[in-house]
Amino acid sequence: MSTPLDSYDDVVTDLDPEPGDLETAELVVSDDALVKAFALGPGAELDAHEHGTSTNVFHVLEGTVTVVQGNEQEPVEAPGVVHHERGVAHGAKNETDETVIFTASLCPMPS
């Protein structure tokens with residue numbers, strides 16, 4: 001029996017954060033890449049952080065998330081893609097009344 005190629009629905013259906021909460025799930029984990037799904041309930045935040053040796057890309061899949069990058073903040077509506085250069089602080093906030101879902105791809109994996 002083969003395995004389905006798309007694991008998104010199986011993983012994301014289990015993400016159901018309460019207001020103010022953040023839930024995550026790993027979609028892809030390999031030697032050179034990590035893709036995580038993030039679900040932010042209303043008012044939730046992914047604190048700004050950086051990856052000195054990895055590029056990070058957000059793919060906004062559901063809702064509108066306020067992306068923080070360095071000293072800037074900008075709402076990004078699904079579908080949307082945001083590229084974070086290596087070493088640039090980045091995070092996300094949900095300033096809406098609905099849950100937002102985005103993935104973050106990290107390449108290469110930090111050592």
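**Confidence and fold**

Modeller: Gladly! In this predicted model, confidence in the protein chain is lowest in helix H1 (residues 8–12), with a mean of 84, and highest in strand S8 (residues 90–93), at 98. That confidence is pLDDT, the predictor's score for each residue from 0 to 100. Residues are numbered from 1 along each chain as its sequence is written, and local features need pLDDT of at least 70, while side-chain atom pairs count only at 80 or more. Totals for chains, interfaces and linings use all residues, and side-chain values use heavy atoms, leaving out hydrogens and water.

Biologist: What is the mean pLDDT of the protein chain, and what share of its residues reach 70 or more?

Modeller: The mean is 92, and 95% of the residues reach 70 or more.

Biologist: How many helices and strands are there?

Modeller: The protein chain has 1 helix and 9 strands. Helices (H or I, at least four residues) and strands (E, at least two) are DSSP runs, numbered from the N terminus.

Biologist: What makes the protein chain as compact as a globular protein of that length?

Modeller: Its radius of gyration is 14 Å, close to the 13 Å from the globule rule for 111 residues, so the chain is as compact as a globular protein of that length. The radius is taken over C-alpha atoms, and the rule is 2.2 Å times the number of residues to the power 0.38.

Biologist: What share of the residues count as buried?

Modeller: Of the 111 residues, 39% do; buried means under 20% relative accessible area, with a 1.4 Å probe and protein chains only.

Definitions and conventions:
Buried means under 20% relative accessible area, exposed over 50%, partly exposed in between (1.4 Å probe, protein chains only).
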